[in-house]
Structure formats: C-alpha cells, structure tokens
Amino acid sequence: MSMENTVVSPTQLDIDKVRQDFPILHQEVNGKPLVYLDNAATTQKPQVVIDALTYYYQRDNANIHRGIHTLAERATAAFEETRQAVHRFINSNEPEEIVFTKGTTDGINLVAATFGRANITEGDDIIISGMEHHSNIVPWQMLCEEKRANLKVIPVNDRGEIELEEYKKLLSERTKLVSVVYVSNSLGTINPVEEIIELAHENGAAVLLDGAQSTTYLDIDVQALNCDFYVFSGHKVFGPTGVGALYGKRRHLEKMPPYQGGGEMIRSVSFEKTTYNDIPYKFEAGTPNIADVVALKAAIEYINQVGKSAMRAHEEELLEYGHRRLSAVPNLRMIGTAEKKMNVISFVFEDIFHFDIGQMLDARGIAVRTGHHCTEPLMSRFGLEGTVRASFAIYNTKEEVDQLVEGLQRIVKMMGK
Ligand code: PMP
C-alpha cells in the first residue's frame, strides 16, 4: 500500500498532511467542524487502513491456512505478514509469540481462561491496580471466584499514581500474577511498569500488561520490559475494530491449554482424542477476523512511517498546552495529575454534570467522552461518578484545544457558574 501521501520529517509532524490522511475529520457535526477528542475510546483510521480493508475484499478474500488455491495463499500470506509486523512493532522474540485476538479484552480473557485456570489455585493472589479498566478487573474477579483465590488491589494516590510502596507490601509467595495497565485510559498516568515487573518476578509472579493505551505512542519492547504477557487493540492504534494481539513468552504459551476448541487450533481430531496445533495457532480457533488483521498491518506501517518519536512529541505538546489552557477555565478541576502522563485530560466541574458538558460540547461539534470510562472503582476512589475526558491523537491541533476551552467557558457562563 502506497504511503507517499504522508510527508513528515522524523522529528516533527506535518500536521496538515497528517489530517489529510484521515478522511473522517473533514466533516461538520451539528453545523461545526468536527473536533474529535475521544481518541482514548478509539482512534480514527487513515485512508491507507481503509484502503487495505477494501483492497483485501476486492482482490484477496479467501479463508486462510487451509487452501492451496491462489487467493487462499494470498490471504494467508497477508494475514501472516501482519503477525510479522506486530512481532517487530512490539519486539517479541519471535512471531509465534503473537496471537491474534478480538482486542485487549479478549486477550486478557484468553490469559485468564488458560494461564489463569492452569496456574491459579485456592489461596493464591492476583494483583491488579486501582486504575484498571473493567476488562482488567472482571476476568480476574471471575477467576478468583472460581478458584477461591484473592484479588488484591494496589492503591492509587491523589495524583492518580500507583502507590509502589503499597504494591511491595501486597507481594508475597502467594502472588501468582500481576496484571496492570501501562497507561491509564481515564487519567493518562504512565505507570512504572519496569519496576512493577521486576518486583513481581522477584516474587515468582508472572506479569500481564494492558497495552490498550500505551501501544500508540510509547516504544514497546516486550523483551526489554520482560513482561510475560502484553495485550493491545487494533482500533486504538489507527487500525480496525475487532482485532488485537496478545504477546506471550513462548514458554508460557506452550504450557497453556487452548482457549477455544474448533478448527485451526488442532493437529488431528478423532472421537477418542484431539491433539493441538503449535503456538500461536493453538489459540486461534475458527476463521479469524482476516480482513481486519490484514488492515492492522497498514496501521502499524502508518505509525512507523509517521514515526513514534514525532507522534509522541506532538502528543506531549498538546497535553502540556491542554493542561495550561484548561487550568484557566473557572471551576474546572482536573482529575489525574500524575508526574508522568500522556494524551488524556480528565476533569469535572463541581456543579455541572459531566454528561451535560459532553452534550453541550457535542452541539459545538466537539467529541469528548463522559462517564466512568469503564473504570468505576477508580472513579469511586476520587468520589466521582464520572469525568469529562478529552484525549488527543496525532491529528489534533492546538486550535482544537482552544475550541474546547472556548466551548467550556461558554458553558460555564451559560450555566451561571
Ligand atoms: N484497557 C484499557 C486501558 C482501555 O483503554 C481499553 C479500551 N477502552 C480496554 C482495556 C479494552 O479494550 P477493548 O475494548 O478494545 O477490548
């Protein structure tokens, strides 16, 4: 797929060019130019990703792995090329350590249902943090209920940071798994995952990192991180919905029982006994989401072409600018002021319901998310039902931040606050 339309220098984004790459941005919503600030929920797709999907269905569509005809070979090659791309993108030791999933939630459930069921027994501890997304809470809760194990939670301080000293106190020989988010979707906090992983390993526990928010902007090297599992979603990295990847160390994946039974995950089947395929296929039962996997490669190539360092620099500039401008809005209280954070600003107004703010901003063409952001326990920690969340991506501009600020100022004035 040609990428020549995106001209960027390695250190600075050509923002106009980047915006041209995303067709959805060029529309009016409620009579105003769209300002899309809901990127932590999902990112928009560049034309190259949309083209990759269309091209696949127009030219290559066939079921994979089982056919010898040309289309099946092309489809299989394209599918496996994405595995190679993900392997290089997060620097796994080998492509066989990459399992395709429906997304982050599916990846966590896979690990809970396989590694978890095989390794957690009565009285064991699983540790998560107080800022986890529901998808990194509920699967462990279900597992703990089934196994009579304990779910322990690392507290979060007033700035929205993990309390490492408390984490150390929770660790023991009973700890079998630590599962934490790398970057918080509600607050933007970047967690000290290197330290968390090292401490867990010292106690003999495996570590899963929820990479739903970290994979877009941070350089991910799962070997350097030394995590046991890493999960992310395609739709947060400018790729399609319904596809994601699970990284697992080979020694874990090989020992884990299969997730679902069906086609592709088997080596041979008889009514007496079934033997299972090698990794990663052992975990990929049934016809996968081929087209979206194929298009995920275009998203990864797009990120590589734009360059994570340029993307990160742009996102940092927007965050700093957003913090400065939003701090000046009367009665606005920021939630989540961690020393290390990225691309998310969460805030509340004492007397205006977050949902109303979201609706009034939408009337001005500005898309933000309101509510608990699938982190209800974290909201409770701050005594809140929810926040307004503005989250940035590479195609957002300072002018859009200004529009958000102006919109909020008008709302405050209108509400007489
Ligand atoms: N974890 C985090 C931190 C997230 O931001 C999200 C998505 N909001 C998820 C998990 C779940 O991802 P998905 O819905 O793509 O499975």
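The exercises below examine selected parts of a predicted model, each with a worked solution.

Residues are numbered from 1 along each chain as its sequence is written, and side-chain values use heavy atoms, with hydrogens and water left out. Because the model is predicted, local features need pLDDT of at least 70 and side-chain atom pairs count only at pLDDT 80 or more, while totals for chains, interfaces and linings use all residues.

**Exercise 1. The surroundings of D228**

Task: Determine whether D228 is buried or exposed, and identify what its side chain reaches.

Solution. Step 1. D228 is located in the loop between α8 (222-225) and β9 (229-233).

Step 1. The relative accessible area of D228 is 2%, so this residue is buried. Buried means under 20% relative accessible area, exposed over 50%, and partly exposed in between (1.4 Å probe, protein chains only).

Step 2. The side chain of D228 reaches the backbone nitrogen of V207 at 2.8 Å. The side chains of D228 and H252 are joined by a polar contact of 2.7 Å. A polar contact is a pair of N or O atoms within 3.5 Å; within protein, one must be able to donate a hydrogen and the other to accept it, and residues adjacent in sequence count only if both atoms are side-chain atoms.

Step 3. Neighbours within four places in sequence aside, the contacts of D228 include H201, Y247, K249 and R251.

**Exercise 2. T114 in its helix**

Task: Locate T114 and list the residues that it touches, not counting those up to four places away in sequence.

Solution. Step 1. T114 belongs to helix α4 (residues 104-119).

Step 1. T114 counts as buried because its relative accessibility is 0%.

Step 2. A polar atom of the T114 side chain lies 2.7 Å from the backbone oxygen of L110.

Step 3. Residues up to four places away in sequence not counted, T114 touches M256, P257, P258, Y259 and F283.

**Exercise 3. The ligand**

Task: Name residues that surround the ligand, and state how much of its accessible area the protein covers.

Solution. Step 1. The ligand is surrounded by residues including T104, H133, S135, N185, D210 and S233. A residue is near a molecule or strand if one of its heavy atoms lies within 4 Å of it.

Step 1. One oxygen atom of the ligand is 2.5 Å from an N or O atom in the side chain of T105. For the side chain of H235, the distance from an N or O atom to an oxygen atom of the ligand is 2.7 Å. A nitrogen atom of the ligand is 2.6 Å from an N or O atom in the side chain of K236.

Step 2. On its own the ligand has 400 Å² of accessible area, of which the protein covers 85%. Accessible areas come from the Shrake-Rupley method with a 1.4 Å probe; for residues, only the protein chains shown count as cover.

**Exercise 4. Backbone geometry**

Task: Identify which peptide bond is cis at P280, and describe the phi values of N331 and H373.

Solution. Step 1. Most residues other than glycine have a negative phi, and most peptide bonds are trans.

Step 1. The bond joining I279 and P280 is cis, with omega about 5°. P280 is placed in the loop between β12 and α10 (290-306).

Step 2. N331, a residue other than glycine, has a positive phi near 65°. N331 counts as partly exposed because its relative accessibility is 46%.

Step 3. H373, which is not a glycine, has a positive phi of about 55°. The relative accessible area of H373 is 7%, so this residue is buried.

Note on methods:
Helix = DSSP H or I, 4+ residues; strand = E, 2+ residues; numbered from the N terminus. Contact = heavy atoms within 4.5 Å.
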